[in-house]
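Good morning, and thank you for joining this group meeting. I would ask you to look at the sequence and the structure together as I speak.

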Amino acid sequence: MTLSTDEKQEIMDFRQAGTDHKASPESPDDADKIPLQEINHISLWMPNWIGDAVLVLPSLQVLRKKFPSARITAIVSTPTDELLSHHPDLDSVIRIPLNSDDGFFHHIQFARGLKKYGFDLGVAFPNSLRSAVMMFLSGAKYRIGYNTDGRTLLLTHPVKVNSRLIKSQYRVDYFYNLLSSMELNPPDSGFTALNQDDDMPSVQDFLKSIGVEKNDFTVSIHPGTSKPERSWHPDRFGLLCQKLVKEYEAKIILVGNADEIGLLEQIEKFCPPKTAFIIPRMNLREISSLIKTCRLFIGNDSGMMHLAAMVGTPLVGIFGPGSGDTTGPYLEPEKKEIVTKNYPCSPCRQRFFKECKPSMHNKPFCLEDISIKDVTDAVQRLIKKF
């Protein structure tokens with residue numbers, strides 16, 4: 001690849017900046033000496049995955065309480081910006097207008113363009129080298145992040161972490177631990193309510209169009225995941241819906257994105273007419289508002305499950321290769337049921353299928369072995385509580 005003159009100059013400037021930083025008198029030993037009185041604008045570099053972004057929110061809430069007058073800006077990828085754009089603890093949201101196909105030069109340009117905001121403190125929640133490089137180039141005076149992927153020189157206050165914590169620590173605690181040098185209060189037990197009207201026209205129009213009444217037993221179901229190998233069988237979701245309709249006269253709302261329409265249609269076919277409905281195109285704020293109206297949410301270990309927890313909807317989460325102990329929903333124990341086989345190899349690195357053999361349905365056995373009865377029993381236990 002031939003670099004242009006501008007690209008070569010950007011790389012030279014970046015290398016020089018790294019050299020200058022290396023000569024700085026600051027060190028990791030100064031981690032407890034961030035002058036909090038100087039913090040007026042905070043940038044939070046958010047994870048790409050929706051679920052991880054939701055699990056960062058308790059840390060955001062703690063920061064807001066510590067810095068009530070500071071400006072807090074979240075720097076996020078799409079579609080997470082849809083969700084955070086009206087969060088009451090954020091003053092602004094900047095969407096990263098880039099994807100993995102964009103080159104190094106474009107990332108540098110974007111990051112340097114953020115200098116105009118005058119960030120005093122930056123926190124990189126992802127462990128990637130790219131997030132640390134971009135935070136460094138954005139000009140934040142104090143920069144916090146885990147010391148992974150050779151990022152230490154880019155951080156003024158690197159936080160030590162080991163592979164055991166990365167694999168086993170609950171994500172809310174893992175993200176909060178980044179802020180340990182600032183002597184903050186522990187995270188709240190729940191989420192700050194979003195600035196959104198439960199009577200969103202798009203949501204209310206949809207519910208009205210499918211004939212949902214106030215006292216109906218509505219169940220939102222999300223059968224999708226980031227990888228098909230992580231998702232429970234669609235036919236099992238379909239048979240589960242049949243049971244819910246028969247036993248509770250439930251109205252099923254099938255939730256998913258545009259890429260999951262085919263999957264939702266598969267499940268819809270299992271249900272009697274006018275009992276299961278696929279949502280129209282909605283953004284994440286609308287979907288979370290819709291899930292909030294439901295009596296129950298059922299889904300895989302996915303971002304949608306974390307949206308349900310965020311709005312307080314009782315839920316049943318289906319975990320195969322993941323673990324509820326590390327990436328489970330942040331919700332009161334009495335409002336959630338985690339269905340898992342607790343295989344000793346979970347959570348795994350999910351490099352299907354290099355570490356385990358697939359089932360005849362091309363699923364890992366930790367997921368294959370979860371039966372319809374397992375999930376039905378969890379639903380019944382949850383329903384008895386409410």
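Let me begin with S2 and S3, which pair in the parallel sense over four bridges; two strands are said to pair if DSSP finds at least two bridges between them. Strands here are DSSP runs of E with at least two residues, helices are runs of H or I with at least four, and both are numbered from the N terminus. Within this pairing, Val76 has Arg95 in S3 as its bridge partner.

Please note that this is a predicted model, in which local features need pLDDT of at least 70 and side-chain atom pairs count only at pLDDT 80 or more, while totals for chains, interfaces and linings use all residues. Residues are numbered from 1 along each chain as its sequence is written, and side-chain values use heavy atoms, with hydrogens and water left out.

Strand S2 covers residues 71–76, and five of its six residues are buried, that is, under 20% relative accessible area with a 1.4 Å probe and protein chains only; exposed means over 50%, and partly exposed lies in between. S2 is also joined to S1, in parallel, by five bridges, and Ile72 in S2 is the bridge partner of Ile42. From S1 the chain passes through helix H2 (residues 50–66) to S2 in a right-handed β-α-β crossover. Right-handed means that, with the strands pointing away from the viewer, the path from the first strand over the helix to the second runs clockwise.

S1 (residues 41–45) also runs parallel to S4 (residues 121–124), with four bridges between them. There, Leu44 stands opposite Val123.

I turn now to the aromatic rings. The structure holds nine aromatic pairs, where rings of Phe, Tyr and Trp (its six-membered ring) pair if their centres lie within 6.5 Å; planes under 30 degrees apart count as stacked, over 60 as edge-to-face and the rest as tilted. One of them is the stacked pair of Tyr117 and Phe119, at 5.9 Å centre to centre and 25° between the planes. Tyr117 is partly exposed at 36% relative accessible area, whereas Phe119 is buried at 3%.

Finally, ring pairs link Phe125, Tyr146, Tyr174 and Phe175 into a cluster.
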